[in-house]
Amino acid sequence: CLVYFLFNGNEQMPNKPIDVLYVNDFKSFIMNKDDIRAKHIVFSNDILEWELNKLTDKNFHSLRTGAYIIDVK
C-alpha cells in the first residue's frame with residue numbers, strides 16, 4: 001500500500017499510482033490536481049469546509065468528519 005503525504009513544500013507527486021493521498025495543504029493539492037493518480041484522497045482537518053466545497057469531484061474523505069480506515073491486505 002503506497003501512502004503519500006502532500007504537505008506545503010512537498011509538491012512533487014510521485015510518477016506512479018498512489019493508494020492513499022493524505023493532503024495537508026489545499027493549495028498544493030490544487031496545483032497538482034491534474035497529476036494526482038490516487039485511489040483514495042484524505043484531507044486533514046486543517047483543510048476548511050469552504051475549500052473542500054470548491055472541488056467538483058466529491059470522491060474524497062475529510063478527517064473533519066472522523067477517522068479514515070482502509071484495509072491494506
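Student: Which residues touch the most other members of the largest nonpolar core?

Tutor: In this predicted model, Leu21, Phe29 and Phe43 touch the most other members of that core, which has 14 residues. At least two residues each come from strand E1 (3-6), strand E2 (18-23), helix H1 (26-32) and strand E3 (38-43). The greatest contribution is that of E2, with three residues.

Student: With which residues is Leu21 in contact, leaving aside its neighbours within four places in sequence?

Tutor: Leu21 is in contact with Tyr4, Leu6, Met13, Phe29, Ile36, Ala38, His40, Ile41 and Val42. Contact here requires heavy atoms within 4.5 Å.

Student: Why is Phe5 called partly exposed?

Tutor: Phe5 lies in strand E1, and its relative accessibility is 42%. Buried would require under 20% and exposed over 50%. The value falls in between, and therefore Phe5 counts as partly exposed.

Student: What makes Val3, Phe5 and Phe7 a nonpolar patch?

Tutor: Such a patch joins nonpolar side chains within 5 Å, from residues with over 30% relative accessible area and no salt bridge. The 42% of Phe5 is over that limit. Val3, Phe5 and Phe7 form the patch on the surface, and together they have about 250 Å² of accessible area.

Student: Why does Asn32 count as buried?

Tutor: The relative accessibility of Asn32 is 9%, and the limit for buried is under 20%. Asn32, which lies in helix H1, therefore counts as buried.

Student: What lies 2.8 Å from a polar atom of the side chain of Asn32?

Tutor: The backbone oxygen of Ser28 lies at that distance. Since a polar contact requires N or O atoms within 3.5 Å, the 2.8 Å separation meets the distance limit.

Student: How do you know whether Asp25 is buried or exposed?

Tutor: Asp25, in the loop between E2 and H1, has 16% relative accessibility. That value is under the 20% limit, so Asp25 counts as buried. Not counting residues up to four places away in sequence, Asp25 touches Leu6, Phe7, Asn8 and Ile47.

Student: What joins the side chains of Asp25 and Ser28?

Tutor: A polar contact of 2.3 Å joins them. The cut-off for such a contact is 3.5 Å, and the separation of Asp25 and Ser28 is within it.

Student: Why does His61 count as buried?

Tutor: His61, found in strand E4 (residues 61-62), has 18% relative accessibility. The limit for buried is under 20%, so His61 counts as buried.

Student: Which backbone oxygens lie 3.0 Å and 3.5 Å from a polar atom of the side chain of His61?

Tutor: The backbone oxygen of Gly66 lies at 3.0 Å, and that of Ala67 at 3.5 Å. Leaving aside neighbours within four places in sequence, the contacts of His61 are Ile41, Val42, Phe43, Gly66, Ala67 and Tyr68.

Student: Why is Pro14 called partly exposed?

Tutor: Pro14 lies in the loop between E1 and E2 and has a relative accessible area of 21%. Buried would require under 20%, and exposed over 50%. Pro14 therefore counts as partly exposed. The C-alpha atom of Pro14 is separated by 8.6 Å from that of Ile36, 22 residues apart along the chain.

Student: How many salt bridges does a search of the whole structure find?

Tutor: The search finds one salt bridge, in which the side chains of Lys39 and Asp19 meet at 3.3 Å, N to O. Lys39 lies in strand E3 and Asp19 in strand E2, so the pair ties together parts that are 20 residues apart in sequence.

Student: Why does Lys39 count as exposed?

Tutor: Lys39 has 59% relative accessibility. Exposed means over 50%, and therefore Lys39 counts as exposed.

Student: Which residues does Asp19 touch, not counting residues up to four places away in sequence?

Tutor: Asp19 touches Cys1, Leu2, Lys39 and His40. The side chain of Asp19 also reaches the backbone nitrogen of Leu2 at 2.6 Å.

Terms used. Residues numbered from 1 in each chain as written. Predicted model: local features only at pLDDT ≥ 70, side-chain atom pairs only at ≥ 80, totals over all residues. Heavy atoms only, no water. Core = buried A, V, L, I, M, F, W, Y, C linked by side-chain atoms within 4.5 Å. Buried < 20%, exposed > 50% of the residue type's maximum accessible area, 1.4 Å probe, protein only. Helix = DSSP H or I, 4+ residues; strand = E, 2+ residues; numbered from the N terminus. Patch = residues over 30% accessible without salt bridge, like charges linked within 9 Å, V, L, I, M, F, W, Y side chains within 5 Å. Areas by Shrake-Rupley, 256 points an atom, 1.4 Å probe, with all protein chains shown as cover. Salt bridge = Lys/Arg side-chain N within 4 Å of Asp/Glu carboxyl O. Polar contact = N/O pair within 3.5 Å; in protein donor to acceptor, adjacent residues only side chain to side chain.
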